[in-house]
Amino acid sequence: MDTAATTRSPETARAPRYAQVVRLSKKAEWQIDRDLVQGRTFDFSRKFLPDGLSRVDRLTFLSADEARLLSQIQGRTYAYIFGLVERFIGAKMLDQGRGHVFGDQLALEALVRFSNDEIKHQELFRRMETMIGSQMPAGYRQVANPNDVARAVLAASTWSVLALTSHIELFVQAHYAESIAPREELCPLFRDVFKYHWKDESQHVVLDELEWKDEHARLSPAERDQAVNDLITLVAAVDGILQAQSASDADYFFGSVSRSFSVEETIQVKAAMLSAYRWQYIISGVQHPHFGRLLTSMTTPAQMSRIQAALAPIMNS
Ligand SMILES: [Fe+2]
Ligand SMILES: [Fe+2]
């Protein structure tokens, strides 16, 4: 017997939301070359990632050229990290779609479109790496392999993977709307990449929430408690990647500039990079009001305290 079909919440209540996501997703449909790139290249005379995300403006001893380079290195990593997480997000949504094959066909279509979007985004981010890499000095390194990360993440409980996905896709919204869209001085192509990405992610956050709540309703209290442990483990794994990538990116920066820095300045750059990456990929999501509401509604106060205790060293760094 198909347990997924019998334990899902009543489809009638959810159907209009899936129908709306499919309608909006069709309306927003775009292609990488035809609509976004349009033969353009990245403008290296401008910053890529805005200061609101990169926080390079806090390193006041950097020259304008150095600050711009650091923003471009972080922008390159920004595309890499999204390509990385989208490997497991796309795979997870294919799995979630499987649960709808004999149910609401619009839910199935919505999740297939979601997976398809993530495949397109990964292609986009690979293209970006090739385009940006061809114009930057050699030595840049990606510390984690997307398949290795996806295999590890997908071994965790569905509740925890959907929670992490919801967290990521909600901060994508906030990053674009609050930090990237208002900054007209950024490289136009870089800004447009994240504008088009944001369009699709606006639909994904709706589906993340529907699937996460649905999974929550299916679990026993003990399974939910284990899922919270899994989420804590996943966030720690994300932080491990950020520690390694920020250290690698700082070294790449030092190797790419033509002057040397004092020991104190070196320490400051490394610390600022880690704190920027933690801000981008963990803290800005944890502090997202809607994510906070969702997590609070799907955890007990004791589970929430466990999550907060685990996050404390990251949030206070
Ligand atoms: Fe995406
Ligand atoms: Fe997405």
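Of the 23 residues of helix α8, 21 are buried, so this helix is largely enclosed by the rest of the structure; buried here means under 20% relative accessible area, exposed means over 50%, and partly exposed lies in between, with a 1.4 Å probe and protein chains only. Helices are DSSP runs of H or I with at least four residues, strands are runs of E with at least two, and both are numbered from the N terminus. From its first C-alpha to its last, α8 reaches 31 Å, close to the 33 Å expected at 1.5 Å a residue, where the expected span is 1.5 Å times one less than the number of residues.

The model is predicted, so local features need pLDDT of at least 70 and side-chain atom pairs count only at pLDDT 80 or more, whereas totals for chains, interfaces and linings use all residues. Residues are numbered from 1 along each chain as its sequence is written, chains are lettered from A and ligands numbered from 1 in the order in which they are written, and side-chain values use heavy atoms, with hydrogens and water left out.

The chain as a whole holds 13 helices and zero strands. Its radius of gyration is 20 Å, close to the 20 Å that the globule rule gives for 317 residues, so the chain is as compact as a globular protein of that length; the radius is taken over C-alpha atoms, and the rule is 2.2 Å times the number of residues to the power 0.38. Along its principal axes the C-alpha trace spans about 65 × 45 × 30 Å, and 53% of the 317 residues count as buried.

Four cavities of 30 Å³ or more are counted, a cavity being a set of points, on a 1 Å grid over the protein atoms alone, where a 1.4 Å probe fits but cannot get out, and its lining residues having an atom within 4 Å of a point. The largest cavity holds about 100 Å³ of space, with grid points joined across faces, edges and corners and the volume taken as the space filled by probe spheres set on the points. Two or more lining residues come from each of α5, α8 (158-180), α10 (221-256) and α11 (263-286), and the largest share, four residues, comes from α8. Among the lining residues are I81, F82, L164, H167, V235 and Y281. The lining divides into 10 nonpolar residues, one polar and no charged, where Ala, Val, Leu, Ile, Met, Phe, Trp, Tyr, Cys and Pro count as nonpolar, Asp, Glu, Lys and Arg as charged, and the others, Gly among them, as polar.

Helix α9 (residues 188-218) has 31 residues that should span 45 Å at 1.5 Å a residue, and its end C-alpha atoms are 45 Å apart, which agrees.

Most residues other than glycine have a negative phi. Q38, in the loop between α3 (32-37) and α4 (51-54), has a positive phi of about 50 degrees and is exposed, with a relative accessible area of 52%. R55, in the loop between α4 and α5 (64-98), has a positive phi near 60 degrees but is buried, with a relative accessible area of 18%.

Notes: 1 Å grid on protein atoms, 1.4 Å probe; cavity = no way out; pocket = protein on both sides within 12 Å on 5 of 7 lines; lining within 4 Å.
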